[in-house]
Amino acid sequence: MVKKHLIQQVSMFTENRPGRLAAFAQAMEQAGIDIYAFSIAEADGFGVIRALVSDPAVACDRLTALGFMVKMTDVIAVRMKDRPGGLREVAEVLGRADINIDYSYAYSSKHGAVLILRVDKAEDAVKSLKESGVPLLESAEVH
Amino acid sequence: MPREELRSLQFKSMKTLVYKLYSFSEFYRRRMRAAKVHPDDVQCLEDVRKLPFMVKSDLRENYPDKLFVTPRDEVVRFHASSGTTGKSTVVGYTQHDLDGWTTSLARALTSCGLGRADTIQVSYGYGLFTGGLGLHYGAERIGAAVLPASVGNTERQIELMMDMQVTAIACTPSYLLHMGEVAQKMGVNFLRDTKLRRAILGAEPWSERMRNRIEEDLGIKAYDIYGTSELSGPLFTECDEQKGIHIWGDLALVEILDPDTHEPVSPGERGELVVTMLQKEALPIIRYKVGDITTLDEEVCACGRTHPRIGRIQGRVDDMLIIRGINVFPSQVEYALMSIPEVGSHFMIEVDRKGELDDMLVRVELRREFFSDRIDDLMRIKKKVTHTLRAALNVSVDVELANPDSLPRFEGKAKRVIDRRRI
C-alpha cells in the first residue's frame, strides 16, 4: 500500500508583496482549517507557500475561490529517528533508488520530528523507503 | 503604373494642392508661414517633409467646418467621428471627394478578388460613421450586390446571409467572431450553410492571430482594411496576397516617421503613419498624423501592383513608450505574450527610473494549469517570458508572475502602462 503514504500538501503561488502569508493564514482560519506545517520558498519576485493542513481539499477550494493559484502535491512524511545518521539513511535510500529530492522541510509533530519530502517519483520513493525500514507517516496520521 | 510615373504624378498633385491651399486656406497659409515654407519651396516629392503636420486637434479646434476650403454649396455629404478620445469631429465631402473615396474602395475590393458576381453584406454602421456608406458605394461601384445590413440584430443578419447567398461581408473582426458564435448557437455552420468566402475587416485593431482564427473557424479569407474619417473613411485594403494594405499612390502619399524625430524610418521599420490626401477638396488633409504605428513596404507586390503597402496597424503613438532610447509599444508585448502558452494575454507594464536607467517591468498572469510548486519550473517560465520579450522589444525587461485574473481588465481602451518616471 503505497498510496496511503502519499500526503497531500497544499501549494500556493504568491506574488512578492507584503501580506501574502497573512492572506493565506486568514483564509485557513476562516475555513476552520488547522495548519500543521508550512514552508515558504521564495524566488526572484514570487514565492510558493507549501503547507500541510487538516483538510487539503477544502483548503484548495477556499483558496481558489479567493483567487489564489493552488494545487495539491503528493509529499512523503518521514518519521525521523532522534539519533545521528537518521537523515543520512533517508538520503542514501533515495539516492540509491535514483530519486531526486525537489525540496524538503521539517516540523515537530505529536509523532516527533517529521521530515517532509517532495521527490520526483513519489511512489517509488515510498517503496524504497519502506523496504529499507524507514518509518513513514500515513496520510490519515497527518490530516 | 511604373513606380517612377506614380511618384511624378504624386509630386504634381502635391504641388497643385499646396498652391491651392496657400491661396485659399487661411489655416494652411498661417501654418506654412509659421513653418517658414512657401509653395515654391516644394521642388520634389521629398519636399513634403518641409510641410507642417496636421493633427486631430486641428479638426477639433476648427469644429465643425472651419477647415473646409470649398464653398458650402459644393459640399454634398457630412460624416462625424464618434469622438472616443475627445470632442467629435466633422468631415465634409464634395461630389469629387465622394467619387475619389468610392474609387479607392472599388479598387480595393477588386484587389481582394470581389466583383459583379458577389453579394456583399455591409455590416458596418450606416450613418455618421463612414464605414457603412463608404463600403456601400464602393461595393456598388464594382457591380456587386449590396446587402446594407448595418449593425445589430445578428440572428437576422445570419438568416439574410444564408437566404441572399452572401459571398462577402464587411464588418469589424470582433463582430464577425460574434456572428460566428451566434451562428453556432443557431446551428448554422458558415462553411456548410452559407456562401460566405471573404471578409473585409477593420475599424478596430486586430492581429494576424485573429485572422488565422477567423479564417480557420469560418473557412473564409479575411482582408485588412484601413482608413479614418479624416482621410475620407475606409479607403484601402489588402489585395488577394494579404501581404499589406495597398495605399493608392494617386490618392494618398504616405510617410512612416520616427514619432520623436519626425525623420523617415528605414524601410520596413516601424513608425508613425503620416498621410497626405492628394485629391481631397472640401477638407484637404496634408501630412495628417493619424497616430497609428505601422510599417511601409515599397516593393512591388506579388499581385503586380506598384502602389506602396502599409503593414498591419501595430499600435497607437499615444501608447508608445521610450525605454532606454528604444520605442516600445504595448501591442508588441501583447503579441509576444500570445506565443507563450504558460501565461495569459493580460498584462501590465510598469516603468520606473532606477538611477539614470529606465526600468521596465512587465507583469503577466501565470495560467493555472502551469502552476507548479517547484521553484525551478516557475523560474523556467519566468525566464522564457523574459527572453521572449527581450527578443521582441530589443530591450531587456523584468518580468513578474502574477496570479490568474489578478491584473486589471479593461473594457474599451486599455490602460496597461503605468509610467512612474519623473524626467
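Two strands are taken to pair if DSSP finds at least two bridges between them, and helices (H or I, at least four residues) and strands (E, at least two) are DSSP runs numbered from the N terminus. By this criterion, strand β18 (residues 343-354) and strand β19 (residues 357-366) of chain B pair in the antiparallel sense over 9 bridges. Within this pairing, V343(B) has L366(B) of β19(B) as its bridge partner. The model is a predicted one, in which local features need pLDDT of at least 70 and side-chain atom pairs count only at pLDDT 80 or more, while totals for chains, interfaces and linings use all residues. Residues are numbered from 1 along each chain as its sequence is written, chains are lettered from A and ligands numbered from 1 in the order in which they are written, and side-chain values use heavy atoms, with hydrogens and water left out.

The two strands belong to an open sheet of 4 strands in chain B, ordered β20-β19-β18-β21 with mixed pairing. Its edges are formed by β20 (398-402) and β21 (417-419) of chain B, each with a single partner strand, so one side of each has no neighbour in the sheet. Neighbouring strands are turned by 20° against each other on average, direction ignored; axes here are lines fitted to C-alpha atoms, for helices over the stretch in contact, and angles run from 0 to 180 degrees between N-to-C directions. Helix α10 (residues 330-337) of chain B packs on this sheet, touching β18, β19 and β21 of chain B (contact means heavy atoms within 4.5 Å), and its direction makes about 140° with that of β18(B). Helix α11 (residues 375-393) of chain B lies across β18, β19 and β20 of chain B, at about 135° to β20(B).

Chain B also holds an open sheet of 6 strands, with mixed pairing and the order β4-β3-β5-β6-β7-β8. Here β4 (145-147) and β8 (233-237) of chain B stand at the edges; each has a single partner strand, so one side of each is left without a neighbour in the sheet. The twist from one strand to the next averages 25°. Strand β3 (residues 119-122) of chain B pairs with β4(B) in the parallel sense over 3 bridges, and Q121(B) stands opposite L147(B) in β4(B).

Turning to chain A, the axes of helix α3 (residues 86-96) and helix α4 (residues 122-131) come within 9 Å and cross at roughly 125°. The contact is made by V90(A), V93(A) and L94(A) of α3(A) together with A125(A), S128(A) and L129(A) of α4(A).
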